[in-house]
Every structure is written in C-alpha cells, then in structure tokens.
Amino acid sequence: MKTILLIEDNDDIRENTAEILELANYKVLTAENGKTGVELALEHQPDLVVCDIMMPVLDGYGVLHLLQKNPDVQDTPFIFLTAKSERGDFRKGMEMGADDYITKPFSGTDLLNAVERRLKKAAVKKLELTSDMEGLQQLLTSATGTNTLQTLMEEGNTDRFKKKQLIYQEGNRPTSLYYIQKGRVKTYKVNNDGKELAANLYSTGDFLGYVALLEGSNYHENAEALDDCELTAIPREDFETLINNNREVAQQFIRLLAKNITEKEQQLLHIAYSSLRKKVAEALLFLKKKYHVAKDQPFSIDISRENLATIAGTATESMIRTLGDFRDEKLLEIKQGVITILNEQKLANLVN
C-alpha cells in the first residue's frame with residue numbers, strides 16, 4: 001500500500017481529501033501545517049506528498065525546499081494544491097522542482113488521476129533494469145501500461161542473415177532498430193590498416209543499432225552475423241515516436257543503454273594494458289558471460305579464431321598460439337573448431 005502525506009491547513013479540505021485517498025486504498029498521513037508535514041515526511045518517508053501552498057508556520061515552498069535538501073526524501077514526488085487566485089504562484093513551485101499541481105476546488109477524479117500519474121512515473125524512475133529487451137519491455141509496460149515495443153516487434157519485418165553477412169555498415173544512415181530473434185551478432189570497427197576491433201557482442205533477446213538512432217547520426221561501426229540470424233527490424237519512425245511521446249521512457253531508455261558503456265570502457269582498458277595471455281583469457285570469459293545458457297554444463301562456443309582475435313584485440317596468429325598453450329595446460333579443449341572451457345577458475349586467475 002502506497003503512503004501519501006497530505007499537508008493542508010484547512011480542516012475540511014484536509015479531511016475530505018484524506019477520505020478520498022483512503023477510499024482509493026492509499027495510506028494517508030495528514031499535517032495541518034508545513035512544519036509538522038516536514039517532520040512526518042522525514043519520519044515516514046512517504047511515496048508522495050500533496051501540499052498546500054499558503055499555510056501558517058511554514059508554507060508549501062518552504063516544505064519543498066526542506067525536503068529537497070534531505071537525501072532520504074528529495075526524490076519524493078511532490079504535488080502542490082493551489083487556489084485559483086494563487087494560479088501564478090504555482091509557476092514558482094514548478095521551477096523549484098514540484099512535479100505537479102492541482103487547482104482548488106478539485107474533484108476526486110482530478111486528485112486521484114494526478115496521484116496515480118505521479119506514482120507511476122516515480123516507479124519507472126526506480127526500476128532496476130537489465131540492459132536487454134526484457135528490461136526495455138518492463139520499462140515500457142510500467143510507463144505506459146501496455147507492451148508497446150512488443151506490438152512494434154510483431155508488426156515489424158523479420159529479416160534473415162547468413163553467417164558472416166553484413167547487417168549494417170559504418171557510415172550508413174540507420175533506418176531501423178534491430179531486435180535479435182535468433183542468433184549472434186558482432187559489431188566492429190576497422191582501422192586504416194584493415195585490422196578489426198570488436199565493439200560489442202549481441203545474442204538472442206538483444207537489440208542493436210540504437211546508438212545511431214538516439215544520436216541522429218550515421219552508424220559508427222559495422223554489424224555482422226556470427227551465425228545464421230533472424231532479426232526483427234522496427235522502423236526508425238516508429239522507434240522515434242515511441243521515445244518522443246513519453247519523456248520518462250526516453251530518459252530511462254537512454255540510461256538503460258548507457259549501462260553498456262562501462263563494459264566497453266573496461267574492454268578497451270584490457271586491450272590497451274593487458275598481456276597476451278590475459279587478453280585471451282578475458283575474451284573467453286567475456287564470451288562465456290555473454291553466451292553461456294546451460295549453466296550446469298561446461299561452456300562451449302563455435303567461433304572463428306579471427307573473430308576471437310578481434311574480441312581480444314590481438315593478431316590471429318597470436319590468438320592461435322595462446323589457445324594452443326591453454327589447451328596444453330588443460331584450461332580448455334578444442335575439437336573441430338569448438339572451444340570448451342575446462343577450468344574457468346584458472347582462466348579467471350589469469351585475468352585477476
């Protein structure tokens with residue numbers, strides 16, 4: 001049950017408003033002035049505050065100012081109650097950081113709609129999301145009440161790509177957001193000498209091509225199928241409509257995708273400063289983290305030495321030699337091109 005703190009000096013308005021909120025199954029705390037309201041907010045840390053502007057002892061502006069200075073309650077949604085004669089005052093409150101306002105006299109429907117809207121947006125901001133399609137769908141469902149992205153996926157075109165087929169090319173203009181229904185994809189860059197550097201790896205349930213869409217720029221890397229893939233293409237226009245129609249969704253979508261940056265920065269640091277053995281061990285453990293599905297079985301992957309070298313940031317010849325050393329040391333097994341990790345702990349020790 002959500003807790004709402006109601007701060008209102010008028011006894012009738014306070015009692016009637018509290019009754020409406022309680023009938024809607026909210027727990028309601030009440031205060032007759034701003035000072036008492038701040039004390040209750042700090043003690044109970046409510047899910048939302050509804051506060052009158054003009055009050056004795058401490059007015060609504062003072063309440064908002066004090067709550068925003070306290071880290072325990074500074075992100076609590078805040079709704080001002082304002083009389084029509086005070087309509088110009090609400091602008092000051094919004095500039096101070098209030099989330100919404102309700103003009104007196106108000107109906108029960110107006111009150112409950114405002115409360116529900118702010119609680120829903122607050123819930124979206126608190127979501128701990130995974131950086132994959134499941135996390136994005138969870139976000140959209142929480143924010144909009146419907147699985148909007150699932151609808152777009154069902155209406156999008158499913159394209160099939162053969163192993164090593166290019167999905168998009170660096171410098172091209174993006175036309176779609178891609179969702180991987182089946183298979184694995186790598187993104188990579190090529191330097192002036194023709195050497196590849198892996199930018200990221202994707203698998204079933206991931207989406208790609210989003211950075212260029214969000215930036216409104218051309219692709220910064222190439223995307224290639226590591227094996228036979230099925231990808232759903234969500235048109236650029238539909239994707240832009242999706243994020244432009246809801247500011248909270250757009251903000252959370254960007255935060256969701258930004259989680260990949262730390263991983264990419266770590267990868268670049270390893271490439272720049274790690275020894276050859278450490279680079280190869282890190283690449284193998286990275287692949288295991290990304291693609292290991294059957295947790296109760298040893299991790300195996302069919303990947304070319306060229307692609308593995310691209311991920312590790314080393315030459316193919318060096319990769320082949322190091323894999324041979326790891327095989328002789330019983331860290332892994334190689335049969336018909338398939339690599340199976342036999343001793344994950346020793347590989348991890350090389351990394352650490």
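The legends below describe close-up views of one predicted model.

Local features are described where pLDDT is at least 70 and side-chain atom pairs where it is 80 or more, while totals for chains, interfaces and linings use all residues. Residues are numbered from 1 along each chain as its sequence is written, and side-chain values use heavy atoms, with hydrogens and water left out.

View 1. Five strands form an open sheet with parallel pairing, in the order β2-β1-β3-β4-β5. Strands β2 (27-31) and β5 (100-104) stand at the edges with a single partner strand each, so one side of each is left without a neighbour in the sheet. From one strand to the next, the twist averages 20°. Strand β4 (residues 78-83) pairs with β5 in the parallel sense over five bridges, and Asp 100 in β5 is the bridge partner of Ile 79. Here strands (E, at least two residues) and helices (H or I, at least four residues) are DSSP runs numbered from the N terminus, and two strands pair if DSSP finds at least two bridges between them.

View 2. Val 28 has its place in strand β2 and is buried, with a relative accessible area of 13%, where buried means under 20% relative accessible area, exposed over 50% and partly exposed in between (1.4 Å probe, protein chains only). Leaving aside residues up to four places away in sequence, Val 28 touches Ile 4, Leu 6, Ala 18, Leu 21 and Glu 22, contact being heavy atoms within 4.5 Å. The C-alpha atoms of Val 28 and Leu 48, 20 residues apart along the chain, are separated by 9.9 Å.

**View 3. Aromatic pairs.** The structure holds five aromatic pairs, defined by ring centres of Phe, Tyr or Trp (its six-membered ring) within 6.5 Å, with planes under 30 degrees apart counted as stacked, over 60 as edge-to-face and the rest as tilted. Phe 78 and Phe 80 form an edge-to-face pair, 5.0 Å centre to centre with 75° between the planes, and both Phe 78 and Phe 80 are buried. Another edge-to-face pair joins Phe 207 and Tyr 210, at 5.3 Å centre to centre and 65° between the planes. Phe 207 counts as buried at 3% relative accessibility, and Tyr 210 counts as buried at 6%. Ring pairs also link Tyr 61, Phe 78 and Phe 80 into a cluster.

View 4. Four strands form an open sheet with antiparallel pairing, in the order β7-β12-β9-β10. Its edge strands, β7 (166-168) and β10 (196-202), each pair on one side only. Two bridges join β7 to the antiparallel strand β12 (residues 222-225), where Ala 223 is the bridge partner of Tyr 168. Helix α11 lies across β9 (185-190) and β10, running at about 25° to β10, whereas α12 touches β9 and β10 with its direction at about 95° to that of β10. Helix α11 (residues 276-291) packs against helix α12 (residues 305-312) at an angle of about 105°, with their axes 9 Å apart. In this contact, Lys 279, Ala 283, Leu 284, Phe 286 and Leu 287 of α11 meet Leu 308, Ile 311 and Ala 312 of α12.

Technical notes:
Axes are lines fitted to C-alpha atoms, for helices over the stretch in contact, and angles run from 0 to 180 degrees between N-to-C directions.
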